[in-house]
Amino acid sequence: MSLPERQTDVGPPNYEQFLPPVIKKNYGKWKYHEVLTPGTMVHVAESGDEIYTVRVASPRILSTETIRDFCDMAEKYCGGYLRFTTRNNVELLVSEKAQLDPLVAELKEKKYMIGGIGPRISNVIHTQGWVHCHSACTDASGLVKAMMDELHEYFTTKSLPNKVRLAVACCVNMCGAVHVSDIAVVAVHRKVPVIDNDNVGKLCEIPTTVGSCPTSAIRPNPKDKTVVINEEKCMYCGNCFTVCPPIDIHNPEEDGVAIVVGGKIGSLRTSPKFSKLAIPFFYNEPPRWPKVVDAIKNIIDVYAANAKKHERVGEWIERVGWEDFFKLTGIEFTFQHIDDFTFMRDTLRTSAAFKY
Amino acid sequence: MDKYKTPMLDELEKGPWPSFVTEIKKARNTSSMPEMADDELGQVEKSFQTKRGYWKHGGIVGVLGYGSGVIGRYSSLPDEFPGIAHFHTYRINQPSGFFYTSKALKEICDIWDKYGSSLTNMHGSTGDLILLGTTTENLEPLFAEYSSRGWDLGGSGSAMRTPSCCIGMARCEWATIDSMAICNHMTQHFQDELHRPAFPYKFKIKVSGCACDCVAAIARADLSIIGTWKGNIRIDQAEVKNYADGGMDIQSEIVDMCDTSCMTYDGGELKINDEQCSRCMHCISKMTKALRQGEEKGATILVGSKAPIVVGSLISWVLVPFIKCDDEGFEKLTELTENIIEWWDDNAKPRERLGELIEVKGMRPLLEAIGVDPQPQQVKEPRKDPFFFWAESDFKK
């Protein structure tokens, strides 16, 4: 069995060959769009041409069988054209309006979830978790599934004051923009790593390991060809583990997740914002993490009841103040909420005016 | 049919949201190596039971002539789960805007069923089409099959990472730059940097067509290219009336939420003081039929964003307030990118991202290296403490 001849550095295929003809024709000449339902919209070009989009939820981990099913529907209704969004939704692109309803009907019959457009919860950005990552201290796909089983109506039907971007990161490396999400779960360690001294010298570069620590908690121990961790300085980020596997940060009994809130990416109305700590810790409770799901549901309920139309979670919190956020949500304020890392001085209150 | 009992994972097949567990189970139907998905289920169930992962650190595997694109992944329990003793990731560089034809996608699936687990991520966080789980000996056949059909590998390690972008002009009235063309151009231009890691650390480029920033360029790219414009917002007063008639409270929803209070509305005419407008996109995004951006279009270039590792997360900082992105602008943008990367590559320590290097060195050396003047648009406010550097060149006047 012979293989075709390999090519190097050809880069990705040019996108133009994958664009539906109506997009090619009206490229850069779109005039406006209308959201028709929570999962469908129409874009209208200056020429009057239209393209309809149907957005479908995805667990991001897809089997080739499911991808083929989307391809089959694209062939049946969309001239074979489909795409994915930056949040990993599937989008079927309908050029002929008459095909829209039959496509939606087939998707519904097959139990796909249509939605995520407008002031709602779109697909959740998440990382690999226990499915495929060596550094995960929770499972990302499992958390997302548990969260969205509870919140799915905010994808398919219900609306909120504005969109709420959810994310899950299975460690602080945060492969995905968790640090600027409306509400996000990030897995954290809480115990100083355990060093396998016999293997550090064999497997690790000592200066790199020392340099990997953001709090300068690691110093070399040249005599024993290993390193020593100052337990008082360690903030359990696990970056030493990343560069030196014999420094084991995992502690299944004491690892878990934190919830951060109020981040935003767009520059609309107010500047982009980092997410900030709402709840410092929950134990991992697979398969459904019920306390995490309840806590997120609570934050969304309080936001929905109190925010003005178009306010994102972070904008609402900044308007009412963090004092009120903790009061309204009933979340306990702890030592962990007061920053003592790199940007601490920007976060402490410097005014005698505040609320109770 | 099931090789292992997976009660915890089975629980996650219940409920309305699409289930990743179902996807892993389905992969057994199509892969030439169904033991991969089977053992993946077994190991993930074990993780759920014991609350820890069982993957080793990545090993060095790849295809000939490349240092990027394949991430070695091995189970730490190969005797218990031999099907995933090797379970490497193969990153395919996605087309700009994540557009596909069914024909192309099905072909990708056919090859993956033959040489891999049948599991994918559509897509990975950086943007690549991720193929999850193959063996070392299947890497070269995969590369021959894919590259001969025009699908190259994406980036990984201390290299240029696969650039990505929003949908831009393909289907969005707000794109002021051709984000898909810029992304494709950058990807092609930096093929060597993408495929052969030679940088201090990763370098990410992301391109969004407007300040809505659908690809989160401002949060997770060392170089964030974001569309903007100059000139007055074009107002269609008849459409403004339609929004009001349709129930929109223009005063509270639009005028009162304007970042710079540059709008007024008297119940009839909507007025904008464009000189005061910061081009944030709120009004345009809410009244897309009535308001259109000004006609001189270009991009703002920001630098430095990253996730928390090592010394805290960063959102990108404005470097160049406005650059045109026409044909000539493309050249300038490419040159600017090269110069930024060169300065970083020359000065950064290992595992130091661009934003962290700027914190160490200050913004001035970068601005001087790339020939950009200091401008108030680059800061929220000037420094507060009277400690500052003077260079020899500051004295010559």
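Chain B has an open sheet of five strands in the order β6-β7-β8-β13-β14, with mixed pairing; strands here are DSSP E runs of at least two residues, helices are H or I runs of at least four, and both are numbered from the N terminus. Two strands pair if DSSP finds at least two bridges between them. Keep in mind that this is a predicted model: local features need pLDDT of at least 70 and side-chain atom pairs count only at pLDDT 80 or more, while totals for chains, interfaces and linings use all residues. Residues are numbered from 1 along each chain as its sequence is written, and chains are lettered from A and ligands numbered from 1 in the order in which they are written.

**The sheet in chain B**

- At the edges stand β6 (164-165) and β14 (317-324) of chain B, each with a single partner strand, so one side of each has no neighbour in the sheet.
- Helix α12 (residues 327-347) of chain B packs on this sheet and touches β8, β13 (296-303) and β14 of chain B. Contact between two residues means that their C-beta atoms, placed from the backbone, lie within 7 Å.
- The direction of α12(B) makes about 155° with that of β14(B). Angles like this run from 0 to 180 degrees between N-to-C directions, and axes are lines fitted to C-alpha atoms, for helices over the stretch in contact.
- Strands β7 (residues 205-208) and β8 (residues 223-230) of chain B are paired in the parallel sense over four bridges.
- If you want a residue pair to click on, B:Ile205 has B:Leu223 in β8(B) as its bridge partner.

**A helix pair in chain B**

- Helix α2 (residues 20-30) and helix α3 (residues 34-50) of chain B pack at about 155°, with 7 Å between their axes.
- The crossing of α2(B) past α3(B) is left-handed, meaning that the near helix is turned anticlockwise from the far one by less than a right angle (clockwise would be right-handed).
- On the α2(B) side the contact is made by B:Ile24, B:Lys25, B:Ala27 and B:Arg28, and on the α3(B) side by B:Pro34, B:Ala37, B:Asp38, B:Glu40 and B:Leu41.
- Those contact residues split into five nonpolar, four charged and no polar. Nonpolar covers Ala, Val, Leu, Ile, Met, Phe, Trp, Tyr, Cys and Pro, charged covers Asp, Glu, Lys and Arg, and the others, Gly among them, are polar.
- Eight of the eleven residues of α2(B) are buried, so the rest of the structure largely encloses this helix. Buried means 20 or more other C-beta atoms within 10 Å of a residue's own, exposed means 12 or fewer, and partly exposed is in between, with C-beta atoms placed from the backbone.
- Among the buried residues of α2(B) are B:Phe20, B:Val21, B:Glu23 and B:Thr30.

**Chain B overall**

- Chain B has 15 helices and 14 strands, and its C-alpha trace spans about 70 × 65 × 40 Å along its principal axes.
- Of its 397 residues, 53% count as buried.
- Counting contacts in chain B with a separation of 6 or more, 64% are between residues 24 or more positions apart.

**Where the chains meet**

- Chain A puts 94 residues into the contact and chain B puts in 104.
- The elements of chain A that each supply at least two residues to the side touching chain B are β1 (30-37), β4 (61-63), α2 (64-77), β5 (81-84) and α4 (140-151).
- The largest share of that side, eight residues, comes from α2(A).
- By class, the chain A side has 46 nonpolar, 33 polar and 15 charged residues.
- Strand β4(A) runs antiparallel to strand β4 (residues 119-121) of chain B, and three bridges join them; A:Ile61 stands opposite B:Asn121 in β4(B).

- A cis peptide bond with omega of about 5° joins A:Pro286 and A:Pro287, and A:Pro287 is in the loop between β15 (276-283) and α9 (290-306) of chain A.
- The bond from B:Ile309 to B:Val310 is cis, with omega near 10°, and B:Val310 lies in the loop between β13 and β14 of chain B.
- A:Ser216, a residue other than glycine, has a positive phi near 55°; A:Ser216 is exposed, with 10 other C-beta atoms within 10 Å.
- A:Arg269 also has a positive phi, near 65°, but A:Arg269 counts as buried, with 20 C-beta neighbours inside 10 Å.
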